[in-house]
Amino acid sequence: MKLVVLASGRGSNLAALIDARAAGRLPVEFAAVFSDRADAPALALACQAGIPTAAFALREYPDRLAFDRAMFAAVDALQPALIVLAGYMRIISDEIVDAHAGRMINIHPSLLPAYQGLRTHERVLRAGDRVHGASVHFVGRELDGGPVIAQVRMAVEPGDDAQALAARLLPLEHLLLERTVELAARRLIEPTAFGVALDGRLLDAPLQLDAQNRILRTTDGDVV
Ligand code: GRF
């Protein structure tokens, strides 16, 4: 399955996908990695892996829509089956989101629909939550608001600060993204008007990644 990855920063999620493919766990081809920041370490990582890259600068366009249209014209030219937002930190215009509905996924460090937006770890701590996690979802118009495909959960321990939570969650995010992209590559997941379907069956709740790195259906605990 052909992928385009969009990333704004460090690129650890991208690195996890590249490593998984190199290890033979992920049947994908990286058509390109694009960024809104020319200095994103994610672009350097992609270059090292021999993946074509390009950066698009918002200031070179009259507005956000023109910027999005330019970047996604480049994406569309490659005809990817899936677009992965891996730490892509810009809101994407509705027109572009609609045109790519069901073909674009995002990784977000919270148990959506809780804590859409930024500073999720701080907000989890402030609320006194005992459980935190990450979600991979189809991108919809609402920020971090599309149908959730899969999640991973993690306990909040006494004494945790935001940094500790982020550090403990990140490797789980990597596994979650890898396993979700794998499901997409195996053409097992699809969005429907009613939510996410797995192998033609509508999910009542997001899939769960467990501690053995298995993806489970939440309702019956069946391994996917
Ligand atoms: C991750 O925490 C991801 O969930 C969020 O941004 C961060 C990106 O990290 N959307 P990286 O650039 O993949 O290392």
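A residue is near a molecule if one of its heavy atoms lies within 4 Å of it. The model used throughout is a predicted one.

**Exercise 1. Which residues are around the ligand, and how much of the ligand's accessible area does the protein cover?**

Step 1. Apply the cut-off of 4 Å to the heavy atoms of each residue. The residues found around the ligand are Arg10, Gly11, Ser12, Asn13, Gly87, Ile107, Pro109 and Glu173.

Step 2. Examine the polar atoms. A polar backbone atom of Gly11 is 2.8 Å from an oxygen atom of the ligand. Asn13 places a polar side-chain atom 2.8 Å from a ligand oxygen atom, and for Glu173 the distance from a polar side-chain atom to an oxygen atom of the ligand is 2.5 Å.

Step 3. Consider the cover. On its own the ligand has 370 Å² of accessible area, of which the protein covers 86%.

**Exercise 2. Determine the order of the strands in the open sheet and name its edge strands.**

Step 1. The open sheet is formed by nine strands, in the order β3-β2-β1-β4-β5-β6-β7-β11-β12, with mixed pairing.

Step 2. Look for strands that pair on one side only. These edge strands are β3 (53–55) and β12 (215–216).

Step 3. Follow individual pairs. β1 and β4 run parallel and are joined by four bridges; Leu3 has Leu82 of β4 as its bridge partner. Three bridges link β4 and β5, again in the parallel sense, and Leu85 stands opposite Asn106 in β5. Strand β7 (residues 148–155) runs parallel to strand β11 (residues 207–209), with three bridges between them; here Ala150 is opposite Leu207 of β11.

Step 4. Helix α6 (residues 162–185) lies across several strands, including β1, β4, β5 and β7, and runs at about 150 degrees to β7.

**Exercise 3. Which residues of β4 point one way, and which the other way?**

Step 1. Apply the pattern to β4. Leu82 and Val84 point one way, whereas Ile83 and Leu85 point the other way.

Step 2. All four of these residues are buried.

**Exercise 4. Is Ser110 buried or exposed, and which residues does Ser110 touch?**

Step 1. Locate the residue: Ser110 belongs to the loop between β5 and α5 (120–127).

Step 2. Compare its accessibility with the cut-off for buried residues, which is under 20%. Ser110 counts as buried because its relative accessibility is 0%.

Step 3. List its contacts. Leaving aside residues up to four places away in sequence, Ser110 touches Tyr115, Thr120, His132, Gly133, Ala134 and Ser135. A polar side-chain atom of Ser110 lies 3.2 Å from the backbone oxygen of Tyr115.

Step 4. Note a backbone feature of this loop. Pro113 also has its place between β5 and α5, and the peptide bond from Leu112 to Pro113 is cis, with omega near 15 degrees.

**Exercise 5. Contrast the positions of Asp144 and Asn213.**

Step 1. Asp144 is not a glycine, yet its phi is positive, at about 55 degrees. Asn213, likewise not a glycine, has a positive phi of about 65 degrees.

Step 2. Asp144 lies in the loop between β6 and β7, while Asn213 lies in the loop between β11 and β12.

Step 3. With a relative accessible area of 12%, Asp144 is buried; Asn213, at 28%, is partly exposed.

Conventions: Residues are numbered from 1 along each chain as its sequence is written. This is a predicted model: local features need pLDDT of at least 70, side-chain atom pairs count only at pLDDT 80 or more; totals for chains, interfaces and linings use all residues. Side-chain values use heavy atoms; hydrogens and water are left out. Two strands pair if DSSP finds at least two bridges between them. Helices (H or I, at least four residues) and strands (E, at least two) are DSSP runs, numbered from the N terminus. Contact means heavy atoms within 4.5 Å. Axes are lines fitted to C-alpha atoms, for helices over the stretch in contact, and angles run from 0 to 180 degrees between N-to-C directions. A polar contact is a pair of N or O atoms within 3.5 Å; within protein, one must be able to donate a hydrogen and the other to accept it, and residues adjacent in sequence count only if both atoms are side-chain atoms. Accessible areas come from the Shrake-Rupley method with a 1.4 Å probe; for residues, only the protein chains shown count as cover. Buried means under 20% relative accessible area, exposed over 50%, partly exposed in between (1.4 Å probe, protein chains only).
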